[in-house]
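Please look over the sequence and the structure below before reading on. The report that follows goes through the parts one after another.

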Amino acid sequence: MNKISDKNIFKPSWGYDKAPESTDHIQIKDQYELFINGDFVKPENQSYFKSTNPADGQVISRVAEASSADVDKAVEAARKAFKKWSALSGKERGKYIFRIARLIQERAREFAVIESLDGGKPIRESRDIDIPLAANHFFYYAGWADKLAYAFPNRKVLPVGVAGQIIPWNFPLLMAAWKLAPALATGNTVVLKPAETTPLTALKLAEVIKESGLPNGVVNIITGAGDTGAAIVEHPDIDKIAFTGSTTVGKYIQKALAGTDKKLTLELGGKGANIIFEDAAIDQSVEGIVNAIFFNQGHVCCAGSRLFVQESVADLVIDKLKQRMNSLMVGDPLDKNTDIGAINSAKQLKTINEYIKIGLQEGGEIYQPKCTLPKKGNWCAPTLFLNVSQSHRIVQEEIFGPVLAIQTFRTIDEVIEKANNTPFGLSAGVWTEKGSKIFYLTQKLNAGVVWANTYNKFDATSPFGGYKESGFGREGGLHGLKAYVKFD
Ligand code: NAI
Ligand code: MG
């Protein structure tokens with residue numbers, strides 16, 4: 001009889017074995033061109049930049065850098081395509097969008113792996129959240145394409161024209177879907193620019209769009225950094241700009257468009273309040289706190305980066321939170337066990353580390369679990385700050401990393417005042433067993449999204465967007481159509 005020795009079963013070093021997702025099924029080209037008028041074309045000035053894997057610093061691919069001459073070409077293609085595309089029936093437009101949705105689903109595994117390689121997010125998240133939600137978004141808006149008369153009853157709905165869309169690096173494919181799907185459903189044509197650290201899934205999407213047979217020029221995907229983005233913003237023949245990214249760039253865009261006829265939606269930064277009441281289910285709340293701030297390394301505009309715990313349960317919640325943080329696995333994004341992947345870029349890691357330093361200098365008490373971070377690549381351990389107050393910079397400013405600032409409160413009025421004492425207004429979370437408290441807070445909190453007994457839940461049918469410095473306009477749901485239509 002085989003005898004399993006106690007020594008093996010109770011090995012003190014017992015942990016999870018590595019469970020890496022394979023990469024042999026993906027195709028990444030060594031070099032990507034610009035997707036203009038249905039073709040992959042070289043940039044006018046032959047300039048390219050590198051996209052690296054933030055988990056090990058390896059170069060994954062070379063990507064074309066669009067100059068203003070290339071932006072001109074892309075806008076021209078979109079303008080030319082607009083006439084026919086906007087004249088198609090909603091039903092016909094819907095067919096193409098459904099096809100794009102299905103193709104994303106069919107290639108979901110490949111998209112997920114490339115998303116994790118290029119941006120550093122855990123494969124569990126790209127596989128279970130980013131990619132399915134991106135497909136969901138196309139399916140949802142495909143359904144609206146022939147029902148616009150029901151979305152806006154008794155009004156003649158017209159597309160806006162050519163939309164310039166600029167997206168960030170935290171949810172690369174998902175943000176492309178948020179931008180493209182409603183624009184196409186309503187008959188607009190598009191010039192889209194992904195972020196410079198994460199262009200690869202958008203370029204994969206360009207391949208899918210080509211495969212879908214979408215008429216040439218309806219979607220143009222051009223790559224580059226801030227200068228390329230600025231050339232889109234300033235292009236005179238663009239009718240609408242949709243931007244997701246930093247509040248600083250959002251402000252520049254708003255200034256640049258002042259006095260023009262261009263429509264604008266801005267989805268900017270946040271500093272979400274996550275509020276735990278003493279009557280909340282404590283263990284679920286602790287999971288909720290972890291999900292709110294450590295999901296996608298905290299690179300989330302709606303992250304619950306300010307935690308407010310009612311004083312009577314604060315010790316218990318913080319103890320449990322620290323324990324839970326000790327079991328979070330930080331490391332290889334392609335490992336299916338990983339909870340926290342790589343920080344998206346060296347620049348972002350520097351920003352996060354600066355904020356950690358500021359937190360310490362301002363007298364905050366730091367807690368980080370013991371974890372060994374990989375030697376190569378950009379990494380940050382999950383971090384808490386206690387002993388902070390409203391005036392601390394780490395409480396007021398967006399860090400965009402796995403760093404949580406914790407405060408306590410005694411009364412509802414106190415926590416409402418603290419939660420709203422921020423220049424942002426994107427998101428909030430409320431944890432309580434009492435429904436009446438939830439309704440009271442959702443009225444009082446100045447945030448575009450308020451989650452109750454959950455956090456960071458997204459759905460294509462639900463509008464998303466901010467107040468104050470978090471921007472304006474809504475994406476998702478029926479509201480999301482509005483940004484891309486005008487009325488006769
Ligand atoms: P960013 O706002 O510079 O980048 C976002 C997108 O804007 C990228 O595609 C970029 O190429 C483009 N862009 C940059 N300058 C532009 C310009 N002048 N005109 C038009 N487009 C331009 O964000 P960055 O520098 O990568 O991150 C800095 C901070 O911004 C982060 O630490 C975070 O706090 C915040 N951020 C917030 C995001 C959100 O979803 N709310 C997303 C990304 C960053
Ligand atoms: Mg990259």
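## How to read the model

This is a predicted model, in which local features need pLDDT of at least 70 and side-chain atom pairs count only at pLDDT 80 or more, while totals for chains, interfaces and linings use all residues. Residues are numbered from 1 along each chain as its sequence is written, and chains are lettered from A and ligands numbered from 1 in the order in which they are written.

Where the domains meet, 18 residues of domain 1 are in contact with 23 residues of domain 2, contact meaning that the C-beta atoms of two residues, placed from the backbone, lie within 7 Å. On the side of domain 1 that touches domain 2, the elements giving two or more residues are α4 (108-119) and α5 (123-144), and α5 gives the most, with 4 residues. Helices (H or I, at least four residues) and strands (E, at least two) are DSSP runs, numbered from the N terminus. This side of domain 1 is made up of 6 nonpolar, 7 polar and 5 charged residues, where Ala, Val, Leu, Ile, Met, Phe, Trp, Tyr, Cys and Pro count as nonpolar, Asp, Glu, Lys and Arg as charged, and the others, Gly among them, as polar.

## The shell around ligand 1

Which residues are the closest to ligand 1? They are G226, G229, G245, S246 and C301, out of 24 residues that surround ligand 1; a residue is counted as near a molecule if its C-beta atom, placed from the backbone, lies within 6 Å of it.

At least two residues of this shell come from each of α9 (226-234), α10 (247-257) and α13 (346-361), and the largest share, 4 residues, is that of α9. Domain 1 and domain 2 each supply at least three residues of the shell, which by class holds 12 nonpolar, 9 polar and 3 charged residues.

## Strands that pair

An open sheet is formed by 3 strands in the order β1-β5-β4, with mixed pairing; two strands pair if DSSP finds at least two bridges between them. At its edges are β1 (31-32) and β4 (48-52), each of which pairs on one side only. The pairing of β1 with β5 (residues 59-64) is parallel, over 2 bridges, and Q31 stands opposite R62 in β5.

Elsewhere in the chain, β14 (residues 365-367) and β15 (residues 383-386) pair in the antiparallel sense over 3 bridges, with L384 in β15 as the bridge partner of Y367. Strand β15 is also joined by 3 bridges to β16 (residues 403-409), and these two run parallel; here T383 has V403 in β16 as its bridge partner.

## Two single residues

N337 lies in the loop between α12 (311-326) and α13, and N337 is partly exposed because 16 other C-beta atoms lie within 10 Å. A residue is buried if 20 or more other C-beta atoms, placed from the backbone, lie within 10 Å of its own, exposed if 12 or fewer, and partly exposed in between. Leaving aside neighbours within four places in sequence, N337 is in contact with Y16, A19 and M329. The C-alpha atoms of N337 and R124 are separated by 7.7 Å, although these residues are 213 residues apart along the chain.

Q323, found in helix α12, is exposed, since 11 other C-beta atoms lie within 10 Å. Between the C-alpha atoms of Q323 and G224, which are 99 residues apart along the chain, the separation is 42 Å.

Note on methods. Domain bounds come from an automatic or database domain assignment.
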